[in-house]
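Subject: Handover of a structure model

Dear colleague,

Please find below the sequence and structure that I am handing over to you. A summary of what was found follows directly after.

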Amino acid sequence: MRVVVTFLCCICFSTLCGQTNSSFKPFPRDSAELYKFDLYKNYFINDGEEYKQRTELTTAFTKLEKKFNEAVKSRGKNVYHLIYEYDSLNRKIGKHSAYLGMFAYIDLANPVYYMKMDTFNRQISPVLNRINETIASLAPSSISRNSKTDRPGPDYSFFYSQLQNNPLRKLSENERRIVNDVTPNLINWQARLFQTTVRTTEYKPVKTGNKVLSIPANMNEILNHPDREVRKQGFLNGLEGMTSRREIFATLLLETIGNRNKAAALAGFKDYPEQSYSQRFLTRADVNTLLGMLKDSASINKRYENAMFENFKKIGGIDTVFAWDRFMPDPNAPTPRFTITEATNIILEATKPLGNDYRVEMSKLLDPKNGRLDMVNRPNRILRPGFSSGSVGYNSVFYQGNYEGYMSDVIIFGHEAGHAVQNMLMDKNGVSSFYALGASYFTESFAGFNELLITDYLYQKATTKELKKYYLSQFLEQAMGVFGNGMDATYEQTLYDSIPAGRINTADQFESQMQKTGAQFSIWYQPYMKYEMQWVNKMQFVTNPLYRINYVYSKLLALYYFSLYQQDSRSFIQKYNDLLRNGYDREPDNILKQFLNISITDKKLIDLSLALINKKIGEYEALIK
Ligand SMILES: [Zn+2]
């Protein structure tokens, strides 16, 4: 079924970076004021106008439902024109959601916009569900376009087949109602309790000179601190705090997996992995094959980690690397920071090779005068690193929790801008609202490609060895996510296999399995290292289960795009733009085959990506010598 609100993304950064340089101003010359949304300019001139149009939209949907019902009564009648009308109305929903949602996010203290959004959802969702059920019940011949009588428009057969394949259709109306009522109670509470537990966990602070650093508020400063003792204390205090809630976290993870499986079974699936993967047109076998291949290639990840260890030993003057050295700053090279103007130029220049259409949309988004950016920290804004809101039918906007000018901030900016630009390219191309959202890994791959372009652009332009090393490591951090996320996805899959079989039930067993899976992929997992509680640190295991596999596929695709781009940029750019503006009107694999001649399960995808990674690790090894 359609989701009314379309907010993309979700980047997880475990750290934000380097030392604080108090004289640095991320928004120079008082430009911060410009980096706040102008939602009146982009969406509706005021609340009254938004309400008026929302009411008209709700009425129009109700009228449309009647037309569908009448068409069903007169059997055999073609309803293409009604689906077209449905599509046109559906395009308008996102604009209201974006207006209400963004006002809610920039002022959490004001509940009015959340309430309006909730009311809108409750009004509109049942109508959409009923219309979808009606369409699914029609004969295939009634949804196809008649070239003589219908106006030109999209082919709705993929949309129709998705509605038809909804497993809930096999249930009676009463059963469907029960499943819809029960499912939220089964699966929604764990994430809320997890977040509350995280928020209320107490940690011992860390003293450094006259300063007291708290966890988690100053965790980035602690982990990136030049004084090794500060890093060590911070890491150990963090571990101690998390360990104090270990049993609660274990229960939450057990309940997440158990109840997700129950909810999936109610919806007609074998278990949650089957349900979750099938929503992305993947099978358990596809996922297991890919994860197996990554495990077999884990020596590549360990090679990079060994190079990192060598670098830490050299710059830090240490014999043994510990977990608290992971974000050790280089004393010989201050961590680069970028003002918003610099970051904007970097993103524009790095994505310039993608061509004029891309550049036009990127420039419009990044021009603060257009009011589509909100990047300045202020009270009552939602605490999220960054996300974009968009679909087709309205302007995409970008939100960043707190732009401080670190490399990771620039990467979030470029990543989310990539989502926003893709939406605008689809919009310009007249993509149906039913085809504006695709499998998450597919959408994420376009944003992931921007991460590679940006870090590579800075690497190529860097003039000192230290900077080259820094930017190449940033490129590799993005690329090696294939393995990091592969490890997490393998662990999660192991849990979904082991818990129902009764092999994992306790916090100790969660930890020992994490150490075992971790050691297969990474050298951070060694007994002396105390790299523990990672099964809690990866909060998506509870808040967004089985999501990590998306990053494995998206990073592989992004690396594949990067390889093609380097081989023959001209031919690639044309196809890539066509792919971006196409939308998701078929299964991802069919789209990939048409535009890039690759299947998501093709071994070439992994071979080319790993060859690129190996080459870049070679460059990194040469730089740290
Ligand atoms: Zn994203």
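For the packing angles quoted in this message, an axis is a line fitted to C-alpha atoms, for helices over the stretch in contact, and angles run from 0 to 180 degrees between N-to-C directions. Please note also that this is a predicted model.

Overall dimensions

The protein contains 26 helices and 6 strands. Its radius of gyration is 25 Å, close to the 25 Å that the globule rule gives for 625 residues, so the protein is as compact as a globular protein of that length. The C-alpha trace spans about 80 × 60 × 50 Å along the principal axes.

Domains

Two domains are given by the domain assignment: domain 1 consists of 1–13 + 26–36 + 334–439, and domain 2 covers 43–165. Their C-alpha centres are 27 Å apart. To the contact between them, domain 1 contributes 20 residues and domain 2 contributes 25 residues. On the side of domain 1 that touches domain 2, 10 residues are nonpolar, 7 are polar and 3 are charged.

Helix 17 and its partners

Two of the helix pairs examined share helix 17, which runs over residues 440–461. In one of these pairs, the axes of helix 14 (residues 340–350) and helix 17 come within 9 Å and cross at roughly 100°. Angles of 65 to 115 degrees count as roughly perpendicular, and helix 14 and helix 17 are therefore roughly perpendicular to each other. Helix 14 makes this contact through I346, I347, E349 and A350, and helix 17 through L453, I454, Y457 and L458. By class, the contact has 7 nonpolar, no polar and 1 charged residues.

The other pair joins helix 17 to helix 16 (residues 407–428), with an angle of about 135° and axes 8 Å apart. Helix 16 and helix 17 are therefore oblique to each other, and their crossing is right-handed. On helix 16, the contact is made by V410, I411, G414, H415, E416, G418, H419 and Q422, while helix 17 supplies T443, F446, A447, N450, E451 and I454. The residues of this contact divide into 5 nonpolar, 7 polar and 2 charged. I454 of helix 17 is named in the contact with helix 16 and also in the contact with helix 14.

Helix 3 and helix 4

Helix 3 (residues 80–106) and helix 4 (residues 112–137) pack with their axes 10 Å apart, at an angle of about 160°. That makes helix 3 roughly antiparallel to helix 4. The crossing of the two helices is left-handed. From helix 3, the residues I83, Y86, I93, H96, S97, L100, G101, F103 and A104 take part; they meet Y113, Y114, K116, M117, F120, I124, I131 and I135 in helix 4. This contact of helix 3 with helix 4 comprises 13 nonpolar, 3 polar and 1 charged residues.

Local backbone features

Which form does the peptide bond from I215 to P216 take, cis or trans? The bond is cis, with omega near 5°. P216 belongs to the loop between strand 3 (211–213) and helix 8 (219–223).

A further backbone feature concerns L546, a residue other than glycine whose phi is positive, near 60°. L546 is placed in the loop between helix 22 (540–543) and helix 23 (548–567).

With kind regards

Key. Residues are numbered from 1 along each chain as its sequence is written. This is a predicted model: local features need pLDDT of at least 70, side-chain atom pairs count only at pLDDT 80 or more; totals for chains, interfaces and linings use all residues. Domain bounds come from an automatic or database domain assignment. Two residues are in contact if their C-beta atoms, placed from the backbone, lie within 7 Å. Ala, Val, Leu, Ile, Met, Phe, Trp, Tyr, Cys and Pro count as nonpolar, Asp, Glu, Lys and Arg as charged, and the others, Gly among them, as polar. Helices (H or I, at least four residues) and strands (E, at least two) are DSSP runs, numbered from the N terminus. Angles under 35 degrees count as roughly parallel, over 145 as roughly antiparallel, 65 to 115 as roughly perpendicular and the rest as oblique. A crossing is left-handed if the near helix is turned anticlockwise from the far one by less than a right angle, and right-handed if clockwise. The radius of gyration is taken over C-alpha atoms; the globule rule is 2.2 Å times the number of residues to the power 0.38.
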